[in-house]
Amino acid sequence: MLQFWQNVKEELEYNLITQKDLAATIGISYNTLQSWITKDRLPDAEQALKIAKELNTNVEYLVTGKNESKNGIKQNLQDMIPKLNHLSNENLELIDVIAGRLK
C-alpha cells in the first residue's frame with residue numbers, strides 16, 4: 001500500500017473520521033475512495049488537497065509522512081499520557097471539558 005494511503009488511514013483514525021465520511025466530505029463516492037485505496041491509485045492534486053484539508057494536515061505529510069509541526073504535536077501528546085495517569089478524576093473531567101470547547 002502506498003505511504004499516502006497508510007498516512008490517510010492513520011489520520012482518519014486520529015481524527016475519528018470514517019472513510020465514508022471522508023468520501024462524502026470531499027465529494028466522491030465511497031466506492032471511488034475504496035477503489036483508489038485498494039488499487040494503490042493516488043487521487044489528483046485537487047482531491048489530495050481536499051483529503052489533507054479534511055484531515056487537518058497537508059499533502060506533504062500524506063505523501064511523505066513528514067511534517068515537523070504535526071510530528072511535534074503528536075510527540076507532545078504522547079509525552080503527556082503518563083502525566084495524565086496521575087491526575088485526579090476531577091482534573092481529568094476538567095481537561096475533557098476544555099478539550100471539548102476547543103473543537
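The model is predicted, so local features need pLDDT of at least 70 and side-chain atom pairs pLDDT 80 or more, while totals for chains, interfaces and linings use all residues. Residues are numbered from 1 along each chain as its sequence is written, and side-chain values use heavy atoms, without hydrogens or water.

Colour by secondary structure. You will find seven helices and zero strands (DSSP runs numbered from the N terminus: helices are H or I of at least four residues, strands E of at least two).

Now go inside. Select Trp5, Val8, Leu22, Leu33, Ile51 and Leu62. These have the most contacts inside the largest nonpolar core, which has 18 residues (a core is a set of buried Ala, Val, Leu, Ile, Met, Phe, Trp, Tyr and Cys residues joined through side-chain atoms within 4.5 Å). Helices α1 (3-15), α2 (19-26), α3 (30-38), α4 (45-54) and α5 (59-64) each supply at least two of its residues. The largest share, four residues, comes from α1.

Zoom in on Leu33. Leaving aside residues up to four places away in sequence, Leu33 touches Trp5, Gln19, Leu22, Ala23 and Ile28 (contact means heavy atoms within 4.5 Å).

Next, select helix α6, residues 68-84, and pick out Met80 there. Is Met80 buried or partly exposed? Met80 counts as partly exposed, because its relative accessibility is 40%.

Technical notes
Buried means under 20% relative accessible area, exposed over 50%, partly exposed in between (1.4 Å probe, protein chains only).
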